[in-house]
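Here is a short report on one structure. Look it over first, then read on for helix packing, salt bridges, the core and backbone angles.

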Amino acid sequence: MNELVHSIPKAKTAVKPATRPVGQAATRAAVKTLPAPRTNDPARTMAGILEVATAEFANKGLSGARIDEIAAATRTSKRMIYYYFGSKEGLYVAVLEDSYRRMRSIEAGLHLEDLPPEQALRRLVEFTFDHHLGNQDYIRLVMTENMERGAYLAQSKSIQELNVPAIEAIRRLYERGVASGVFRPGLDPVDIHASISALTFFNVSNQHTFGLIFKHDAQAPQAVATRRQNIVEMIVRFVRA
């Protein structure tokens with residue numbers, strides 16, 4: 001749960017994402033339809049820079065990303081990027097913050113409190129699975145930041161604050177389930193969150209190595225649908241009384 005994101009599908013099937021370009025092609029593809037930036041519209045300019053920088057950092061990591069590429073793709077200048085974000089590292093932190101913010105914003109709109117506990121848990125797991133599958137740059141950014149040992153995430157107070165409501169939502173959902181006798185007592189909401197994240201994250205982060213080793217196309221539509229359903233069932237059975 002570790003989002004831009006899309007609406008939450010109701011069906012039990014998922015669509016295989018299109019093959020994404022990498023490297024310079026990914027950076028440029030991210031802005032093929034972006035209009036030229038307006039110097040009198042800072043918010044729009046910054047949003048365009050963040051969109052392109054997300055693809056650049058996701059595909060090349062912090063060390064491999066180039067501000068020159070981002071500037072060229074957004075038709076801005078290095079000077080303007082540094083004016084808005086201070087440095088390459090500052091832009092990277094802003095990309096992380098934007099990615100987490102978008103995910104948590106959509107997550108907050110799930111209205112889990114309006115659903116019975118087990119149904120709410122199912123919806124949360126489905127959302128997390130679909131978000132990760134549909135926003136693979138987010139997964140790559142998280143992987144990059146783990147390679148950096150969380151050094152830049154630690155500098156961002158906003159990311160840490162964004163995750164507080166996410167854990168609280170799980171805590172409230174879980175406590176409602178325990179009170180109604182649906183969920184077993186004694187579980188830690190952070191551990192529930194970790195279990196959901198681990199299962200849904202792996203499906204994207206290890207898709208290439210897993211597929212090659214076991215000769216298994218994990219991204220085939222039927223495989224995705226089956227994996228989605230299995231993850232939901234594993235989490236629900238783990239929590240259920």
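Is glutamate 118 buried, partly exposed or exposed? Glutamate 118 is partly exposed, at a relative accessible area of 22%. Here buried means under 20% relative accessible area, exposed means over 50%, and partly exposed lies in between, using a 1.4 Å probe and protein chains only.

The model is predicted: local features need pLDDT of at least 70, side-chain atom pairs count only at pLDDT 80 or more, and totals for chains, interfaces and linings use all residues. Residues are numbered from 1 along each chain as its sequence is written, and side-chain values use heavy atoms, with hydrogens and water left out.

**Salt bridges**

The whole structure holds eleven salt bridges. Each one is a side-chain nitrogen of Lys or Arg within 4 Å of a carboxyl oxygen of Asp or Glu.

| Arginine | Glutamate | Closest N and O atoms |
|---|---|---|
| Arginine 104 | Glutamate 107 | 3.1 Å |
| Arginine 122 | Glutamate 118 | 3.4 Å |
| Arginine 171 | Glutamate 168 | 3.3 Å |

Arginine 104 and glutamate 107 sit in helix H5 (residues 88-108), three residues apart, about one turn of the helix. Both arginine 104 and glutamate 107 are buried. Helices are DSSP runs of H or I with at least four residues, numbered from the N terminus.

Arginine 122 and glutamate 118 belong to helix H6 (residues 117-134). They are separated by about one helical turn because they are four residues apart in that helix.

In helix H8, arginine 171 and glutamate 168 are three residues apart, so about one helical turn separates them. Arginine 171 is partly exposed, with a relative accessible area of 29%. Glutamate 168 is partly exposed too, at 30%. Salt bridges with shared partners also link Glu118, Arg122, Glu233, Arg237 and Arg240 into one network.

**Helix packing**

How do H8 and H9 pack, and at what angle? H8 (residues 157-179) and H9 (residues 189-205) meet at about 110°, and their axes are 9 Å apart. Axes are lines fitted to C-alpha atoms, for helices over the stretch in contact, and angles run from 0 to 180 degrees between N-to-C directions. H8 and H9 are therefore roughly perpendicular, a label for angles of 65 to 115 degrees.

On the H8 side the contact uses Ile167, Ile170, Arg171 and Tyr174. H9 supplies Pro189, Val190, Ile192 and His193. Contact means heavy atoms within 4.5 Å. The residues of this contact split into six nonpolar, one polar and one charged.

**Nonpolar core**

The largest nonpolar core has 53 residues. Such a core is a set of buried Ala, Val, Leu, Ile, Met, Phe, Trp, Tyr and Cys residues joined through side-chain atoms within 4.5 Å. Phe57, Ile70, Ile81, Leu91 and Leu121 touch the most other members. H5 gives the most to this core, with eight residues.

Leucine 121 touches Leu173, Phe183, Ile196, Ile235, Val236 and Val239, leaving aside residues up to four places away in sequence.

**Positive phi**

Most residues other than glycine have a negative phi. Arginine 149 has a positive phi, near 60°. Its place is the loop between helix H7 (136-147) and H8. Arginine 149 is exposed, with a relative accessible area of 79%.

Lysine 215 also has a positive phi, about 50°, although it is not a glycine. Lysine 215 lies in the loop between helix H10 (207-214) and helix H11 (221-239). Lysine 215 is exposed, at a relative accessible area of 73%.

Technical notes: Helices (H or I, at least four residues) and strands (E, at least two) are DSSP runs, numbered from the N terminus. Angles under 35 degrees count as roughly parallel, over 145 as roughly antiparallel, 65 to 115 as roughly perpendicular and the rest as oblique. Ala, Val, Leu, Ile, Met, Phe, Trp, Tyr, Cys and Pro count as nonpolar, Asp, Glu, Lys and Arg as charged, and the others, Gly among them, as polar.
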